[in-house]
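Student: I have a new structure to look at, and I would like to learn how to read its features one by one. Could you walk me through it?

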Amino acid sequence: MTHRMIMFVIVGLMAGMFLSALDQTVVGTAIRTIGDDLHGLSQQAWVTTAYLIVSTISTPIYGKLSDIFGRRPLFVFAIVVFIIGSILASFSTSMLELAAFRAIQGLGAGGLMSMPLAIMGDMLAPRERAKYQGYFLAVFGISSLIGPLVGGLFAGADQILGIAGWRWVFLINVPIGLIALVIVLRFLHLPKHTVHSVRIDWWGASFVVLALVPLLLVAEQGREWGWSSPLAIGCYIIGGLGVIAFVIAETLMKDDALIPLKLFRSSTFSMATIIGVFVGFGMFGAMLTLPLYLQLVLGSNPTQSGFQMLPMILGLMISSIASGQIIARTGRYRMFPIIGTAFLTGGFFWLTFLQYDRSYWFIAGAMLLIGLGLGQLMQTLTIASQNSVGLRDMGVATSASTFFRQIGGTLGTAVLLSLMFTVLPANVQTSFTDTDTLTQSLDAAFDPAVATAPENAAIMAQIYTPITSGITDATTAQIEAGLTKAADAATAAVAAQVAAGTIPASAQAAATTAAVAQAQAAAAAQIQQQIPVAQIAADGTVTLDFSDPAARLSFVNSVVPTIEDQFASGSGTTSMDSSALNDTSFLNGADPRLSKPLLVAFNASAVLVYWVAMFVVLIAFVLALFFKTPPLRAKSALQEAADNEAEAEARDDELVRATRAADTAGVMVQP
């Protein structure tokens, strides 16, 4: 194939991958609007889970079927299914219906992500393939940048051409998919595939579903169900039995297995797969927190956070192009998994020094390092897997590599995000034990101008009203108790004077009234000196006036030690728990003094995630040091197959000619 022909095919393959990559980022931005419109925001997790489970499970199935029936028909099938799923999703009337249609999209997405890499493995030699990998990584970069923008535009529009704006999130896939379909049908012409076996591993496909569906389901929903709930335990048991049954089925099917176990006899394939799982765990899980961090802590909107991810995309593009050129010229690639995991580890280590008031450029430096690491890993591991197998297993090796990386990513997403939201409430309690932070936030919460501002209404109701109302109720009760004590003491004193005959019994009532008024006035003066915000009316009615800044600050300073002790002991009065982060809109536009404890807590939770991600990727770095990488083949899989076929035909021709010569000469021994 000429360079021009290859580029046409690559455009079609990239359009297919772009469908799947863009859909994830666009839907992620618009899901809140979709949930509100379909009255099922609490069910949004099922929309993501359905897509993820089906796309992950279908990935190895596409790889195996493409090895049997050819890449082109399977890729065309994946595009058509994805388009159909997109059209159906645009007509959804409920969140559960949308989840079902997203599952259909996931069935197509499994082929859109793995088939292009397998087709590239067929067309190009491993050394040449490295030069083109930057184009495919650009797909992910572009989708990460424009996805939030497109999703925000569609979700923010009431109607476009008479159709609800969010429905275009799915309809936009139709023209892109049709373009990809036309290009593939027109330009992707691979040599006719020779069917080695028509035995399809239906048992393996069934058992991989049985194994992965419960495990992925509990990975996604475990935080809601509880990791030790009966439902979660049931998923563990079913998934474990499914894994055992899958291994037995693959052993019995041998070369016709969905994921042939013989692939793992290659140390290169095995090590690339294991490294891919660890990289996927650290990358996908931790990377999901970066857009969250940019939006929550730095206050960026979804569109801005998409553009702020540009340093990572830039690093990814630079390293992928540079590593591709080096691989193409030298045929060696052992250094890139080592350097890539080192950069990735360094990027996450950099992020462990994050503080809530750090500038964007500090985060940008870490993102650049992470991008430089990923660019050397994503395609290099796939190329290593493909280089370790022959033509017959090219598709299944490619899909298996993608499959295990997705499994690692899914586990990383579930474990690290669950970790973040699990420790977040405790970190909120901890952030309120800092004297300066607590003083500033309470001073703002008691300020009537701040507390009644519309932009602070949500955060007051969610976080501060339970705290301030508890303090004011206790303070009011304390003042009223002091006034009552003074009144009781005055009443008792008058009664004693009456008993002693100092005051006539007929004057007791008037004397008591006067004494109580005098005692309460004295008590009120003393209380107002101790509690400057207290206002005590002549009839004993108690109110607290926080409008004076000096009086308010004095009051806050007096209650801070008590509130600190309450939060330190875990008895702080606030409704903040992990479920409160299901909707973080209460932070939008809130007074910085009110949001600071939450931002500090989220920062601490994110840093813990980055520590875990760093150690996981560090394991991948250690494994990469022992990664044996034979030189890349100089021929493509299709060229090798053609050469082998030509050699076989040449041998047959030589045998025929030799036989004829022997017959002519009348020799007794046949060649």
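Student: Let me start with charged side chains. Which residue forms a salt bridge with Asp 443?

Tutor: Keep in mind that this is a predicted model. For a salt bridge, look for a side-chain nitrogen of Lys or Arg within 4 Å of a carboxyl oxygen of Asp or Glu. Here the partner of Asp 443 is Arg 552, and their closest N and O atoms are 3.0 Å apart.

Student: Which other residue meets Arg 552 in a salt bridge?

Tutor: That is Asp 447, at 3.7 Å from N to O. Asp 447 is buried, as is Arg 552. Through shared partners, Asp 443, Asp 447 and Arg 552 make up one network.

Student: How many salt bridges does the whole structure hold?

Tutor: A search finds 3. One of them joins Asp 591 and Arg 593, whose closest N and O atoms are 3.1 Å apart. Asp 591 is buried because its relative accessible area is 16%, while Arg 593, at 32%, counts as partly exposed.

Student: Now the rings. How are the rings of Trp 203 and Phe 207 arranged?

Tutor: For a ring pair, check the distance between centres, then the angle between planes; an angle under 30 degrees counts as stacked and one over 60 as edge-to-face. The structure holds 16 aromatic pairs. In the case you ask about, the centres of Trp 203 and Phe 207 are 5.7 Å apart and the planes are at 25°, so this pair is stacked. Trp 203 and Phe 207 are separated by about one helical turn, because they are 4 residues apart in helix H8 (residues 202-225). Trp 203 is exposed, with 62% relative accessibility, and Phe 207 is partly exposed at 21%.

Student: What kind of pair do Tyr 360 and Trp 361 form?

Tutor: An edge-to-face one: 5.1 Å from centre to centre, with 65° between the planes. Tyr 360 counts as buried at 17% relative accessibility, whereas Trp 361 is exposed at 67%. Rings can also gather in a group: Phe 264, Phe 269, Phe 403 and Phe 404 form one aromatic cluster.

Student: Where does the charged end of Arg 102 sit?

Tutor: Over the ring of Tyr 51, 4.1 Å from the ring centre. Likewise, Arg 358 has its charged end over the ring of Phe 362, at 4.4 Å from the centre.

Student: Which residues touch the most other members of the largest nonpolar core?

Tutor: In a core, look for buried nonpolar residues that are joined through their side chains. The largest one here has 94 residues, and Phe 348, Leu 351, Tyr 464 and Ile 479 touch the most other members. Helix H22 (residues 592-624) gives the most to this core, with 15 residues. A second, separate core has 59 residues, including Leu 22 and Phe 82.

Student: Where is confidence lowest and where is it highest?

Tutor: Helix H23 (residues 637-665) is lowest, at a mean of 68, and helix H14 (residues 335-351) is highest, at 92. For the chain, the mean pLDDT is 80, and 86% of the residues reach 70 or more.

Conventions: Residues numbered from 1 in each chain as written. Heavy atoms only, no water. Core = buried A, V, L, I, M, F, W, Y, C linked by side-chain atoms within 4.5 Å. Buried < 20%, exposed > 50% of the residue type's maximum accessible area, 1.4 Å probe, protein only. Helix = DSSP H or I, 4+ residues; strand = E, 2+ residues; numbered from the N terminus. pLDDT = per-residue confidence, 0-100. Phe/Tyr/Trp six-rings, centres within 6.5 Å; stacked < 30°, edge-to-face > 60°. Lys NZ or Arg CZ within 6 Å of the ring centre and 35° of its normal.
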